[in-house]
Amino acid sequence: MKLARTHLLSLAAVAVLAAFLFVADTWFDAFTIRVMNLSAIYIVLALSLNLVNGFTGLFSLGHAGFMAVGAYTCALLTMSPEQKEANFFLAPIVPWLAHVTIPFVPALIAGGLVAALLGVLIGAPVLRLKDDYLAIATLGFGEIIRVVLTNTQTITNGALGLKGLPEFASTAAVWACAALAVLFMVALTRSSYGRAMKAVRDDEIAAGAMGVNVFRVKVMSFAASSFMAGVGGALLGHLLTTIDPKMFTFMLTFNILLVVVLGGIGSITGSVVAAIVVTIFMELLRFLDGPLNLLVFQTEGRPGLRMVVFSILLMAVVLFRQRGLMGNREFSWSMLSRAGLLPKSEKGKHGLA
Amino acid sequence: MTLALFLQHLANALALGSLYALIAIGYTMVYGILRLINFAHGDVFMLGAYVAFYGAAMFLLPWWGTFLIAIVFTAALGVGLERVAYRPLRDSPRISVMISAIGASFLVENVAVVLFGGRPKGVTVPDVMNVKLQLGQVSLMSVSVVIPVFTFIILAALLWIVGRTKTGMAMRAVATDLDAARLQAIDVNRIISFTFGSGSLLAAFGGILWSYKYPQLNPLMGVMPGLKCFIAAVVGGIGNIQGAVLGGFLLGFVELMVIAFLPTLTGYRDAFAFVLLIVVLLVKPSGLLGSRQGEKV
Amino acid sequence: MKRTAAVLLALAALAGCTKSQKQPTTVKLGVFEPMTGANAAGGAMEVEGIKLANALYPTVKVGGQEYKIELVVADNKSDKVEAANAAQRLVDQDKVNVVLGSWGSSLSMAAGPIVKGKQIPAIALSATNPLVTKGNDYYFRVCFIDPFQGTVMANYAFKEVKAKKAVIIREVSNDYSVGLAKFFSDSFKKLTGDENAILGELNYNTNDQDFTAQLTTLKSMKPDVIFAPGNYTESALLMKQARELGITAPFLGGDTWETPELIDVGKQSVEGAVFSTFFATEVPITETSKQFLDAYRKQYNKEPAAVTALGFDGYLVARAAIEKAQSLEGAKIRDALVQTANFPGAAGIISFDANRDATKSAVIKVVKDGKFTFLTTVQP
């Protein structure tokens, strides 16, 4: 069976990436690995937000809530009874959770499913609303989830949070999830569901008139997005090995929104690239919070400057280059051909590499 | 629950509600005109309070003097914000404008952190606002009486401006249909700037009065109040000034009376506002006093 | 495309400008604190103490050679994800020998597995959640933990205030507040022998500004004393509103109250508020206390906060351990730390117990005439 050139190139790229990750995991120092794995998690999160915001046109700001639910579910399912007992020293954990310990992958999926279920429950009533109202309603839900997690001492350990989550977020695990997320998104956007979503985004009324079940599309998109957010949250929790409700505030949603906007709302490639770039830059720009030595003038350490820069960046992108890095476009091998980096094939002229 | 207890709770609710109402008016004015949630409104509120504080602390202005410089500053800020962050995006998809609003809000907050530092500052409340009043069994601070009075004066003034002056008519025209208003030779940009300026100025009033009631400033003090006041505006019917006032009082009422009757739920207090919002949006999406606006295809 | 490349290059150049020259004979202490975000105030106070100690004791002698102690500050932005990154950066890239910090137990817990994995000892300065040191051989703390602090205040309430009934109002989203409330509650019930001694437990959230609803309910319960172990940011407003509502019962709190802002914001309403803390400026506990107070007053011209003294102590304890270990290796420094006993710190005498927590005396202070005034010391 002769594989198309594009498929061969894609397979080769994946193999190179896998080899790179293997080398990195063995040779790079822990800090670089951490930043690398964090970007993988951000890829998953950015894609989940892009699915609902970029591809379906629903402005949802409650993402942190779903992440929290996924993280807590997965954590409570994977922690050993001893760890739970150590953590719940103020008030004992509810009996039906005390002795449950299941392996990582089922727990991860469970986390995603619980988040997705919550997404359906929340989405069903709220998705009828228009843009701004939906944004505030979802923001509200995010906050409600956080408040509930803070107050349910016997289930979540409340404000004390959970410590000692098993370190399941290895390089292989997070990058596998990131790859799966990308594959899922690519498959989804090329399918009829994906087209329906984009139709709803572009013109809801026209889509409805054309026979698209707008409400069902919205709910499904919301559920899928929540699933991925739950998985992302669980991965984040296991990377940090400790979670508490204060992590999952609007600030976290804002960070992911930043990534999605910078990469281009509606572009999978954009989200992937932006996730990696933003995670790296968040660390690189750390020096902005300390004393600055710009050769021309020196300033004393002014904490907070880093976030100012990021806010300006967000606004600059939205004002001047609304489409973000990739706009609506996706990466394709023909891009490289056109740029002259890859020799053109016989089919060249029709754009399929 | 005794009558005295109930009355005290009621008094608290009215005091808080009137503050929410005052700030919600600013939100509703801006939304009515531009269909835009000005996320930065809460931060303008915060800056108004800070400017007043520095006016008193550094320039030793009397408290009514601080009001003046605060409103000048915030009105200018509001106009500037509109021109830089929202005007260029007037023809863009709504999502871009909302992102710009969120970005602007974060920017103002973080600049405030860099300028003022993250540590809270204590406010010296003017004596006239700091009087402890006792009405039977109910205790109240004088500032809690000033605020509702002030809110209703502002409400009356605004209703008069919007209902009876030419500028007000122009504002209503722009709110109804921007392009049609342009065709009527209304300087749309000027009206929008005016609205933003007035809304921001009201936020400053709200901020200063808030700081007299809760005399502690910190750069993030506007986040929760801003969000709650937006909810109040939506609940009352966004775009409707009386609705904003009603929504503010309703929100204050719900927030405090639920705790009054169910003290075990005190930890969930912040969630009440959001629950109220969602309930109202599901039952009457246009808000209590809002009117249904059909969508043109 | 060209423009973005230019911008990236410029930023890389900037990053290059700020890298410091590595000195061969330096010992690095990582300062892992929140410099921005919600906990910036606490972080800043601890850093003040650390920097002061560094100015007074800038070197340490190891193996006959004088090593300069360099402080590497990493801001964890009061955020857990950032905390993990910052801690990782300190131990991996900056290669610090000891980590000091963080203010905020949840942030310290994020660093826990990282310092343990790299075998770099860490000293928490004011984090009081028992979970920080539990199960982590490499985390120490120079302050007492909440179970002790809770009993101190319960004793005070029972013996000095002669209270029989109390109401607790706590910051439910703050692990410190929740923990302290529980320990106070348990102690108080045991002391009074009355299971119903706690009339009620009311909650509020971080950044709340209006407490009138909770306080009105509290007033109707008529407690003898109110325990409010929340952060100063909310407590000042809480007490002001309580007094405005006509509540006269005394307020008891924890160490987070000792900041100038409490009095700045609360003014008259915080008069008579009593709280437990680590340290009192009027009663220098050791020679080190005097030294610390003199240096601090000279530099900043104001009274130091308790956590500043703890920052000072953390630095000194680390330095002493390095000297004792006569090595820069993390594991050896850790072993030396474990043996720290009767170390004279500015905030009291420090000995690490089996859990690497410090058993220290607590100080009770009251706000009198707009100043924090020393009341009494309580031994463990």
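Chain C contains twelve helices and 15 strands, taken as DSSP runs (helices H or I, at least four residues; strands E, at least two) numbered from the N terminus. This is a predicted model, in which local features need pLDDT of at least 70, side-chain atom pairs count only at pLDDT 80 or more, and totals for chains, interfaces and linings use all residues. Residues are numbered from 1 along each chain as its sequence is written, while chains are lettered from A and ligands numbered from 1 in the order in which they are written.

**Chain C**
- The C-alpha trace of chain C spans about 65 × 60 × 40 Å along its principal axes.
- Of the 380 residues of chain C, 61% are buried (20 or more other C-beta atoms, placed from the backbone, within 10 Å of the residue's own).

**Chain B against chain A**
- In this interface, 33 residues of chain A are in contact with 34 residues of chain B (C-beta atoms, placed from the backbone, within 7 Å).
- On the side of chain B that touches chain A, α4 (94-116), α9 (223-236) and α11 (269-283) each supply at least two residues.
- α4(B) gives the largest share of that side, 15 residues.
- By type, that side of chain B has 26 nonpolar, six polar and two charged residues (nonpolar: Ala, Val, Leu, Ile, Met, Phe, Trp, Tyr, Cys and Pro; charged: Asp, Glu, Lys and Arg; polar: the others, Gly among them).

**Helices α1 and α8 of chain B**
- Helix α1 (residues 3-34) of chain B packs on helix α8 (residues 188-213) of chain B at an angle of about 165 degrees, with the axes 9 Å apart (lines fitted to C-alpha atoms over the stretch in contact; angles run from 0 to 180 degrees between N-to-C directions).
- α1(B) is therefore roughly antiparallel to α8(B) (over 145 degrees).
- The contact of α1(B) with α8(B) involves 15 nonpolar, six polar and one charged residue.

Conventions. Two residues are in contact if their C-beta atoms, placed from the backbone, lie within 7 Å. A residue is buried if 20 or more other C-beta atoms lie within 10 Å of its own, exposed if 12 or fewer, and partly exposed in between; C-beta atoms are placed from the backbone. Angles under 35 degrees count as roughly parallel, over 145 as roughly antiparallel, 65 to 115 as roughly perpendicular and the rest as oblique.
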